[in-house]
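Hi,

Here's the structure I said I'd pass along.

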Amino acid sequence: MKWNDYKSKKLKNPEFKQAYDELELKYSIMNKKFVKMMNRREFIKKVIGGGFLLASGNLFSGCGEISDGDGMIYESTDKKISDLEISNLRQLITSNANETRCIMWQTDALLKNPAVEIKSDATGDTYTFAALDCSFSDDDHITNQYSAKIEALHADTSWQYRIVDGEHCTNWHTLRTTSGDTFKMLIFPDSQCADYGVWNKVAKSAYARNEDAVLFVNVGDIVDNGEDRTQWQAWFNGAAAFIDKIPFVPVMGNHECYNRQWQTRLPEAYLKYFEVPDNGSDNFERRYYSFDYGDVHFAVLDSQWEELNAVKDGAGDELIQAQQEWLRRDMSTTTKKWKVVFIHKDVLQYRINGRPERREGFSDIGTAFMPLFDELKIDIVFTAHLHTYRNRGNIYNFERNSKGTLYILTGLAGDVRYSGLWVDHALDLAKAPQPETDNYLTLEVSSDKIYVKCFLPDGTEIDRAVVKQREQKT
Ligand SMILES: [Fe+2]
Ligand SMILES: [Fe+2]
């Protein structure tokens, strides 16, 4: 039985338990380095009870749905040769980034014993988390890919990590968990490009000016063509300066749903490249999700129901309903101080120059979700898709109202520009200088405020908004 088959059966199914046990035994014999084995729960209890910093190693620790099972723990102590060649090493957001992190990477050659080794900056202790093979085939190419979930981290701790395969390893990279409720996040709008040199420049410039950012998001249309693997590689190259250091929060856009013939398809590469937190859905796995960082609860939604309906009649309509029900459950159970949503397509409908028949108003995204954002008291909603930066201020019940959600249309971080296309909306408060060039944003969370700032790639601030805690809003 291969790992991917094994994983797809979700292990929770009792009929695969025997295969699980056999593979576990085989792996434990293969791995001569492991020093002790115990139940995950016992281990975590021991770590917490001991009051010192350790991390658990899970033998089968891909970022997907099997992480709840018991695993083996082993401490690595041996020396390795740093000649392992990998590409697109990345950190992915997990449901609780204070305690866990997903690491993914690609290779040309298949690995025999892939794992992630982490070393505590505080104690020098080193632990190993075995990885899962999550290779996939798309665009007539097989991408060799692995993922591992790092667990039982503690808040406000710093680590080094490296990829290992038997006696071979990469160089060390940094990994840090959040330090309290104050943090900065980088926000990139559509990065789809004809020339990804533009994305490369925006991304590098933004990070160079914000090296204190602890995570970053791309609000969809990450690439122009979701099947074209050369574009995905170009996007990864642009993010290479930081995607190994801080976790990435992916949002799916409509361009992730196009094939090379520009027909609509399922966002296959997007769903494989980014193992995001489980949303509990069998039909819409990885399409929407939520996570905590500091004192903020974030939800990432999927606005591609039209594209999904084109692939499978009616599936997109189910997606809307599934997300509405999920978001209501998800947001109403969080105890975090702030609630923030990312969704690719915008909530407003803009008039278009030269098309007088098109009316100003609200898009189908806005109609479907703005009442829910009101109900759930979402603090900020970030959208993209229209390739223009607009701050619309606070909106409640489809009208300007200071008690409502702040809606930010994030702009563009690539070279697909719609110069002079949009007619200003009555709800626009501020927009980027025209004709519009690229931009990025920061989200700065303090104990009682969130600052949203928009910058040109040269670091010039062009707009800012402040969100106060709900009870402080007038
Ligand atoms: Fe776009
Ligand atoms: Fe789009």
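Below is what I found in it.

Before you dig in: this is a predicted model, where local features need pLDDT of at least 70, side-chain atom pairs count only at pLDDT 80 or more, and totals for chains, interfaces and linings use all residues. Residues are numbered from 1 along each chain as its sequence is written, with chains lettered from A and ligands numbered from 1 in the order in which they are written.

Overall picture: the protein chain has nine helices and 28 strands (DSSP runs numbered from the N terminus: H or I of at least four residues for helices, E of at least two for strands). Of its 474 residues, 45% are buried (20 or more other C-beta atoms within 10 Å of a residue's own; 12 or fewer is exposed, in between is partly exposed, and C-beta atoms are placed from the backbone). Taking contacts (those C-beta atoms within 7 Å) between residues at least 6 apart in sequence, 70% join residues at least 24 apart.

Then there's helix α4, residues 197-209. Val198, Trp199, Val202, Ala203 and Ala206 are buried in α4. Down the axis, the buried residues fall within an arc of 125 degrees, so they line one face of the helix (the arc uses directions from the helix axis to the C-beta atoms). Their cover includes β11 (183-188), α5 (229-239) and β26 (440-445).

Finally, aspartate 424 sits in the loop between β24 (422-423) and β25 (430-431). It counts as exposed because it has 12 C-beta neighbours inside 10 Å. Its C-alpha is 10.0 Å from that of asparagine 353, 71 residues away along the chain.

Cheers

Methods. Two residues are in contact if their C-beta atoms, placed from the backbone, lie within 7 Å. The expected span of a helix is 1.5 Å times one less than its number of residues.
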